[in-house]
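Subject: Structure handover

Hello,

My notes on it follow below.

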Amino acid sequence: MARRRPRAGQASVELLAALPALALAAALALQLMLVGYSMTIADGAAEAGALAGTTGLDPRRAAVEALPGWARGRSQVSAGDGSVRVRLRPPAPLRAVADALTVTSEAWSRSPRGGS
């Protein structure tokens, strides 16, 4: 009978070969979660701005104040005619990736004077 060669270590080699793919999958999943979280934050800020506008307060300022500190420098807030729009770049390892994944949320309300 021919002697079989031991296969000790083969599983370790296969695991090492799969680690880059697992790391990439984990990084993509994390990035998608950060985009979803950024969208949730942008939604809340736009709504806060629109609600502030109904009470006669500055909607742009209210939207900015509703954002967490890390997001304020990564956002653009515009308000006018009862509409509040928040654009937010999610955290990403590269600025180009963050720019490509920018999320936008808009909320609208009537003015406190009863107009549109």
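**Ser38 and its surroundings**

Leaving out neighbours within four places in sequence, Ser38 is in contact (heavy atoms within 4.5 Å) with Trp70, Leu88, Pro90, Pro91 and Val103. This is a predicted model: local features need pLDDT of at least 70, side-chain atom pairs count only at pLDDT 80 or more, and totals for chains, interfaces and linings use all residues. Residues are numbered from 1 along each chain as its sequence is written, and side-chain values use heavy atoms, with hydrogens and water left out.

Ser38 sits in helix α1, residues 10-54. Helices here are DSSP runs of H or I with at least four residues, strands are runs of E with at least two, and both are numbered from the N terminus. The relative accessible area of Ser38 is 0%, so this residue counts as buried. The cut-offs: buried is under 20% relative accessible area, exposed is over 50%, and partly exposed lies in between (1.4 Å probe, protein chains only). Thr102 is 64 residues from Ser38 in sequence; their C-alpha atoms are 8.7 Å apart in space.

**Strands β2 and β3**

β2 and β3 pair in the antiparallel sense, over six bridges. Pairing requires that DSSP finds at least two bridges between two strands. β3 has two faces: Val103, Ser105 and Ala107 make up the covered one, while Thr104, Glu106 and Trp108 make up the uncovered one.

Which residue in β3 is the bridge partner of Arg85? It is Glu106. The side chains of Arg85 and Glu106 also meet in a salt bridge, 3.1 Å from N to O. This pair links distant parts of the chain: Arg85 is in β2 (residues 83-88), Glu106 is in β3 (residues 103-108), and they are 21 residues apart. Arg85 is partly exposed at 38% relative accessible area. Glu106 is partly exposed too, at 49%.

**Salt bridges**

How many salt bridges does a search of the whole structure find? Four. The criterion is a side-chain nitrogen of Lys or Arg within 4 Å of a carboxyl oxygen of Asp or Glu.

Glu65 and Arg61 form another, with the closest N and O atoms 2.9 Å apart. Both are in helix α2 (residues 59-66); because they are four residues apart there, about one helical turn separates them. Glu65 is partly exposed, at 47% relative accessibility. Arg61 is exposed, at 54%.

Asp99 and Arg89 also meet through their side chains in a salt bridge, at 3.8 Å from N to O. This pair, too, links distant parts of the chain. Salt bridges that share partners join Arg89, Arg95 and Asp99 into one network.

**Arg89**

Is Arg89 buried or exposed? Arg89 is buried, with a relative accessible area of 16%. Its salt-bridge partner Asp99 is partly exposed, at 39%. Not counting residues up to four places away in sequence, Arg89 touches Gly73, Arg74, Arg95, Ala98, Asp99 and Thr102.

Best regards
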